[in-house]
Structure formats: structure tokens, C-alpha cells
Amino acid sequence: MTIQTLEELEGLRRAGALVARILSTMREQALAGTTPRDLDAIGADLMRDAGAQSAPVLTYGFPAATCISVNRVVAHGIPDATPLRDGDLVNIDVSAELDGFFADTGASFVVGTASAAQQRLLDATREARDAAIAQLRAGELLSGIGRTIETVAARRGFRVIRNLQSHGVGRALHESPGSIPGYFDRRDTRRLHDGMVITVEPFLATHATRTEELDDGWSLICPKGFGAQFEHTVVVTHGAPIIVT
């Protein structure tokens, strides 16, 4: 999507504020003993109360309102009835459609107190997201996102999961400009333009550079080690980018 009017920007902001609030509420309730299914029910209720629809359900027929991934599952986890425990590494990804606008956000965290190793992974992944967003400017190469993420990951001692990427969003969950790698691809000559709506969502891992799919047809795991993700929906401008989530 390319934002062309103030009304469109406000519509996207409303969708972004909703998914950000849902993510925050679910994260606050992610305590030891709570199940991912319980958390997903909270998210589903908040979407319904706002008149919104779950984007993964609407787009792909996903079997839950939100994606909740625990420990080795790094993305697209189906919320189940297994109680969370202190020390679990959790990712919640919330995307929704509200009044024709789609917004997408996500965050990783640890239930209870994170270990030093877990905290390093979380800090590096959040830093990669924020650094990649900070360098967004209309006219610059889209590959600058991957370059920045890869640079932060290497400096912090982590790897980029290459088959999980950022993407266009706005009028659909996944749209133009398509997938945006979290690593530098010198062949990618696409450029950012004013009003472009994208997600920036690095996936960093301790050992893996690719995920594998479980038999449930959705859950993606790190075959070795652990991964984390942080995500915002962003509008590109000629100046500072607008974060709507």
C-alpha cells in the first residue's frame, strides 16, 4: 500500500494502534501457568470488540486469531493448551484488519526472568528492528533494511533467519513490494518510496539460518538453538518513518 491521503494514514494508524494494544495486553497476561490458547482468546475478544478481524484467519485460514510461538517454535505457532513456564521464550504476532486496513506487529519475550543468553538475543533482535527502521528514507534502496539487520546480527554474534522476512502490508496482510529479506541482497534494486507501507521484522537466531516446518503445517522451528522476532508496521517518508504500531 502507498498512503496517499490523510484519511488513509489515520485508518492505518487506527489498525496499528489496535494490534499494538492487543499485543501489549496479551504480553501482560503471559504469566507462568497461562496457556497460549488462553492468550489467543484474549486477542480474539479484543479484535471482536473493536470490529476487527484476525488477518491470518482472514487471509490464510490460520487456526487461531494470533500466532504464539514458544521456545524452538520461532514463527506461526498455533496456540495450544500447554501451560507456559518460567524461562519459556515466547513470540506473539498480532495482525488484524480494521475498516479495510491491515497492520501487523510482534514481539518476543521470556516468561518470568530471562537468562543472560536469552536477554542478549532479545536485545539484539530489537536493536536490529529499530536500526533498520531508523534508516528508512524514500528513495533509498530497499536492501538497506537487510544490510542493517545483518550488520547488527553479526556485531551481536547472531544469525539472520533467511526464510522469514519483512513484507508489504496495508490493504492486505502481504502485498507489494513483496518479501523484504532480513539480509543484504546486492541484486535487489527496488527502492523505497514516499507513503510505502511495510513491516520491519528481523528474525535473529543463536544457530539457525533457516526454519523447518512442523507436521501441523504451520509452526516453524529453529532446528538448533532459539530465535526471536520484533516487528512494527511502518510508513516510509522522505523524513523520519512513521511507526503505526
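Where is Glu-231 found? Glu-231 is placed in the loop between strand S13 (227–229) and strand S14. The model is predicted: local features need pLDDT of at least 70, side-chain atom pairs count only at pLDDT 80 or more, and totals for chains, interfaces and linings use all residues. Residues are numbered from 1 along each chain as its sequence is written, and side-chain values use heavy atoms, with hydrogens and water left out. Helices (H or I, at least four residues) and strands (E, at least two) are DSSP runs, numbered from the N terminus.

**Annotated binding site**

- The unreviewed UniProt entry gives the annotation "binding site" to Asp-93, Asp-104 and Glu-231; such annotations may be inferred rather than shown by experiment, their positions follow the numbering used here, and feature names are shortened.
- These residues gather at one spot, because no two of their C-alpha atoms are more than 8.2 Å apart although they span 139 residues in sequence.
- Of these residues, Asp-93 and Asp-104 belong to the lining of the largest pocket. A pocket is an open set of points on a 1 Å grid over the protein atoms alone, with protein on both sides within 12 Å along at least five of seven lines, and lining residues have an atom within 4 Å of a point.
- Glu-231 has 0% relative accessibility and counts as buried, a term for under 20% relative accessible area, whereas exposed means over 50% (1.4 Å probe, protein chains only).
- Contacts of Glu-231 (heavy atoms within 4.5 Å), not counting residues up to four places away in sequence, include Asp-93, Asp-104, Arg-129 and His-167.
- Asp-104 is in strand S5 (residues 101–110) and is buried, with a relative accessible area of 4%.
- The side chain of Asp-104 makes a polar contact with that of His-167 at 3.2 Å; such a contact is a pair of N or O atoms within 3.5 Å, where within protein one must be able to donate a hydrogen and the other to accept it, and residues adjacent in sequence count only if both atoms are side-chain atoms.

**Helix H2**

- Helix H2 (residues 36–50) has 15 residues and reaches 21 Å from its first C-alpha to its last, close to the 21 Å expected at 1.5 Å a residue; the expected span is 1.5 Å times one less than the number of residues.
- Pro-36, Leu-39, Asp-40, Gly-43, Leu-46 and Met-47 are the buried residues of H2. They lie on the same side of H2, because they cover an arc of only 125 degrees around the axis, taken from the directions from the helix axis to the C-beta atoms.
- These buried residues pack against helix H1 (6–28) and strands S1 (53–54), S2 (67–70) and S4 (89–98).
- Exposed residues Arg-48 and Asp-49 are carried on the face of H2 turned away from its buried side.
- After H2 comes Gly-51, whose phi is positive, near 75 degrees.

**Phe-102 in strand S5**

- Phe-102 lies in strand S5 and is buried, with a relative accessible area of 7%.
- The C-alpha atoms of Phe-102 and Ala-55 are separated by 7.3 Å, with the two residues 47 residues apart along the chain.

- The unreviewed UniProt entry assigns "domain: Peptidase M24" to residues 10–237, a span that is 32% helix and 25% strand, with its end C-alpha atoms 15 Å apart.
- Thr-237 is in the loop between strand S14 (232–235) and strand S15 (242–243), and at 15% relative accessibility Thr-237 counts as buried.
- The side chain of Thr-237 reaches the backbone oxygen of Ala-240 at 2.9 Å.

Conventions
On a 1 Å grid over the protein atoms alone, a cavity is a set of points where a 1.4 Å probe fits but cannot get out, and a pocket is an open set with protein on both sides within 12 Å along at least five of seven lines; lining residues have an atom within 4 Å of a point.
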